[in-house]
Amino acid sequence: MSDVVPVKLRPEILAQRAYKQGQPAPANSFKLSSNELPFAPLDSVVAAATGATEFNRYPDAAATKLRQALAEHYGLTAEQVLVGAGSVSLLYQAVLAAAGAGDEVMYPWRSFEAYPGMVTVAGASSVQVPLDRDSRVDLDAMLDAITDRTRLIIVCSPNNPTGTYTRQDEFERFLERVPSDLLVIADEAYIEFVTDTEALNATRLLADYPNLVIARTLSKAYGLAGLRVGYLLGNPRVLNAFNTTAIPFLVSAQAQAAALAVMQEADSVRARVNEITMRRDEVRRALIDQGWPIPESQANFVWLPCGELAERVDEILRQGGIVARTFPGDGIRVSIGEEASTSPLLAACARALERYPYLRREEAEAE
Ligand SMILES: Cc1ncc(COP(=O)(O)O)c(C=O)c1O
């Protein structure tokens, strides 16, 4: 097939790479590439989704019952909640509503791979603020990077793919200094895996900052990645504007029913999340003992800093039955999966260090 595009399209879209999904795993390998929950869906959730059989009808575009349930969960009104087909589609809606040609959207980098694409689609410019030396979001540098053209700042905590988190007090100080008419989105896709009490939970700040919107999802801790349900919490007038940029009917009736059902399963969800966070801390500790310089993670994944060796380490992981997410020239994000994935993961990581001793903490620090 010829590489020539046969019609006139926007050059910036042609230049942009489409979002690349985490790799599937071959048989006998573990898929640790998409930060999914490794457990099968709960019976009640399967029953709710399969019980929603009115395929001949459009779903409720406003997701009324789900918004109500989420509002009650957070002590908010339904108008302060917007539901979408995963938080990624809500982030697209927000970017489209906030920024157009000539405007800037700021976010940390490295961070969620989908941010650059949504800014390009909106016709706006990305301002990527590098993480600090500890792979954390650098809020001071973000404040310094605000210009008259900034229309939206996204802060991802815990940050994908490093797992590092923003503290509540530093985020509050940051919000105090951001102009009050500048939209800030706290992307908290992994908040349920946070165990450090100092970490950001932006819901506490909603009442004081009308320019703050929080993005959350049922894809991660709640295990509904395949059904596509996410939500925003924020000021009703702001969320209304985001609703205008939505493609209608994206959240199916099956997804809405499953989401309502999983929200009734708080104890089971909590138990599953605890299992993952305990495994995360064990895996990180074991990797540090091997000599890996792993940043603290408060999410359901850990970050292996590999620099230029990322693709070579990825090869060793694959040979060891681990399919992770590799960022060439930078590092590898490994999701915390089923218990059986831990020993092959640790064995492969140990082999990688043997092969490339430079990756060890002390060696990397000496550079
Ligand atoms: C930081 C972050 N935000 C948002 C999302 C989007 O998740 P979803 O669209 O499944 O809700 C992801 C998914 O990986 C993510 O890592």
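## Basis of the description

A residue is termed buried under 20% relative accessible area, exposed over 50% and partly exposed in between, with a 1.4 Å probe and protein chains only. The model is predicted: local features need pLDDT of at least 70, side-chain atom pairs count only at pLDDT 80 or more, and totals for chains, interfaces and linings use all residues. Residues are numbered from 1 along each chain as its sequence is written, and side-chain values use heavy atoms, with hydrogens and water left out.

## Domains and their contact

The protein chain is assigned domain 1 (16-40 + 267-366) and domain 2 (51-263); the bounds come from an automatic or database domain assignment. Taken over C-alpha atoms, the centres of the two domains are 25 Å apart. Their contact (heavy atoms within 4.5 Å) involves 24 residues from domain 1 and 28 residues from domain 2.

Buried area is the accessible area (1.4 Å probe) that two parts lose on being put together, summed over both. Between domain 1 and domain 2 it amounts to about 2100 Å², with 59% given by carbon and sulfur atoms. On the domain 1 side, Gln16, Val269 and Gln298 lose the most area to domain 2, together 26% of what that side buries.

## Nonpolar cores

In soluble globular proteins, nonpolar side chains tend to be buried together. A nonpolar core is here a set of buried Ala, Val, Leu, Ile, Met, Phe, Trp, Tyr and Cys residues joined through side-chain atoms within 4.5 Å. The largest such core has 83 residues, of which Phe171, Phe174, Leu212, Trp292, Leu304, Val313 and Leu317 touch the most other members. Domain 1 and domain 2 each supply at least three residues to this core.

Leaving aside residues up to four places away in sequence, Phe174 touches Leu139, Met142, Leu143, Ile153, Val155 and Val184. Another core lies apart from the largest one and holds 25 residues, including Leu90, Leu91, Val95 and Cys156.

## Aromatic rings

Rings of Phe, Tyr and Trp (its six-membered ring) pair if their centres lie within 6.5 Å; planes under 30 degrees apart count as stacked, over 60 as edge-to-face and the rest as tilted. Eight aromatic pairs are found in a search of the whole structure. The Tyr74 and Tyr231 pair is tilted, because the ring planes stand at 45 degrees, with the centres 5.9 Å apart. This pair links distant parts of the chain, 157 residues apart: Tyr74 belongs to helix H3 (residues 64-74) and Tyr231 to strand E8 (residues 230-233). Helices (H or I, at least four residues) and strands (E, at least two) are DSSP runs, numbered from the N terminus. Tyr74 is partly exposed at 21% relative accessibility, whereas Tyr231 is buried at 2%.

One aromatic cluster is formed by Tyr107, Trp109, Phe112 and Tyr115. Elsewhere, the charged end of Arg333 sits over the ring of Phe301, 5.8 Å from its centre; this term requires NZ of Lys or CZ of Arg within 6 Å of the ring centre and within 35 degrees of the ring normal.

## Backbone features

Most residues other than glycine have a negative phi, and most peptide bonds are trans. The bond joining Trp109 and Arg110 is cis, with omega about 10 degrees; Arg110 lies in the loop between strand E3 (104-109) and helix H5 (115-122). The bond from Asn160 to Pro161 is also cis, with omega near 15 degrees, and Pro161 lies in the loop between strand E5 (150-156) and helix H7 (168-177).

Asn35 has a positive phi near 55 degrees and is buried, with a relative accessible area of 1%. Ala63 has a positive phi of about 45 degrees, lies in the loop between H2 and H3, and is buried at 2% relative accessibility.
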